[in-house]
Amino acid sequence: MNTHLFSIVTFIYLGGMVVYICYLAFRNQWVSRVATAITLGGLLLQTFAIGLRWYESYQLGMGHAPMSNLYESLVFFSWTIILLYLIIEYKYKLYLLGAFVTPFAAMGMAYASISSQVNETIQPLVPALQSNWLISHVITCFLGYAAFAVSCGVSITYILKKRHEDQHKKGGLLASFPASPVLDELIYKTIAIGFPMLSIGIITGAAWANYAWGTYWSWDPKETWSLITWFIYAAFLHARITRGWRGIRAATLSIIGFVAVIFTYLGVNLLLSGLHSYGSG
């Protein structure tokens, strides 16, 4: 039952993405409200489906949070992206960002639903996952990932807007985007949210590793790439705070950081073997 609901959520997010793109073209407030309503409806249905999957795991005698394999993590990743985006949309009223952020959630749900490499069945926890650290580690990591996804979407928007401004163009679609300093500040704020979440996720992961494998750090590919990702965003914040890094360079580093996030999350699971191989299917 829960997988059918997640499939419906996939189409809802795809629909929301299309309407956000229409908003870019028409700049009509009514269109933006429809896009927000569709996306919020998808989030509510996805929240219910996650709760239902959790309940069904108890009915099957397993009883664990739905965060234990690639399918469930993709669903949770998409959920955190939409949740964080809607909070930012509500606070800043930047509806056009939906055209650049909702595709990440829609693609995540679509990949979870149609990929032959993703097993959608509820499975018993492997011994390494039978720990109270599971929920805290996964939630903090994916909140960080979601913030970086939003930052990447804003960075793409920033680069397009900045080039439009530098060419001194007055009209066109990009003229209606928020001013580049507004977008630049939002890139910084989203990374400032994501970085401590990722840091806590790495710390709780190390504590969990010591519980499960008897060592805090073993240079497993997932751990190594998590550290690389952490250094990229640490470099962004360090350059921003100490040297005032802004503009295209900062936006580009934000996009590079999210590429590292995707490789840490999916690339390592699908291409490399290691202690985290249970997350590959």
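User: How many helices and strands does the secondary structure of the protein chain come to?
Analyst: The chain comes to 8 helices and 0 strands. Helices here are DSSP runs of H or I with at least four residues, strands are runs of E with at least two, and both are numbered from the N terminus. One caution: this is a predicted model, where local features need pLDDT of at least 70 and side-chain atom pairs count only at pLDDT 80 or more, while totals for chains, interfaces and linings use all residues. Residues are numbered from 1 along each chain as its sequence is written, and side-chain values use heavy atoms, with hydrogens and water left out.

User: What radius of gyration does the protein chain have, next to that of a compact globule?
Analyst: The chain has 19 Å, which agrees with the value near 19 Å for a compact globule of 281 residues. That radius is taken over C-alpha atoms, and the globule rule is 2.2 Å times the number of residues to the power 0.38. Along the principal axes, the C-alpha atoms fill a box of roughly 60 × 45 × 30 Å.

User: And what percentage of the residues is buried?
Analyst: Buried residues are 52% of the 281. Buried means under 20% relative accessible area, exposed is over 50%, and partly exposed is in between, using a 1.4 Å probe and protein chains only.

User: OK, helix 3. How far apart are its end C-alpha atoms?
Analyst: They are 32 Å apart, in agreement with the 33 Å that the 23 residues of helix 3 (residues 70-92) should span at 1.5 Å a residue. The expected span is 1.5 Å times one less than the number of residues. Helix 3 is mostly covered, with 18 of its 23 residues buried.

User: What caps its N-terminal end?
Analyst: That's N69, with a side-chain oxygen 3.3 Å from the backbone nitrogen of Y71. Just after helix 3, K93 has a positive phi of about 60°.

User: Switching to aromatics: how many aromatic pairs does a search of the whole structure find?
Analyst: It finds 18. Rings of Phe, Tyr and Trp (its six-membered ring) pair if their centres lie within 6.5 Å; planes under 30 degrees apart are stacked, over 60 edge-to-face, and the rest tilted. Among the pairs is Y23 with Y95, edge-to-face at 6.1 Å centre to centre and 75° between the planes.

User: Where do Y23 and Y95 lie?
Analyst: Y23 is in helix 1 (residues 2-26) and Y95 is in the loop between helix 3 and helix 4 (98-114), so the pair ties together parts 72 residues apart in sequence. Y23 is buried, at 3% relative accessible area. F100 and F177 also form an edge-to-face pair, at 6.1 Å centre to centre and 80° between the planes. That pair links F100 in helix 4 with F177 in the loop between helix 5 and helix 6 (180-213), 77 residues apart. F177 is buried at 5% relative accessibility, and F100 is buried with 16% relative accessible area.

User: Which residues do ring pairs link into a cluster?
Analyst: F76, F77, W79, F142, Y145 and Y265.

User: Last one, S151: buried or exposed?
Analyst: S151 is buried, with a relative accessible area of 0%. S151 is in helix 5 (residues 133-166).

User: Which residues is S151 in contact with, leaving aside neighbours within four places in sequence?
Analyst: I187, T190, I191 and S254; contact means heavy atoms within 4.5 Å. The side chains of S151 and T190 are joined by a polar contact of 3.5 Å. A polar contact is a pair of N or O atoms within 3.5 Å; within protein, one must be able to donate a hydrogen and the other to accept it, and residues adjacent in sequence count only if both atoms are side-chain atoms.
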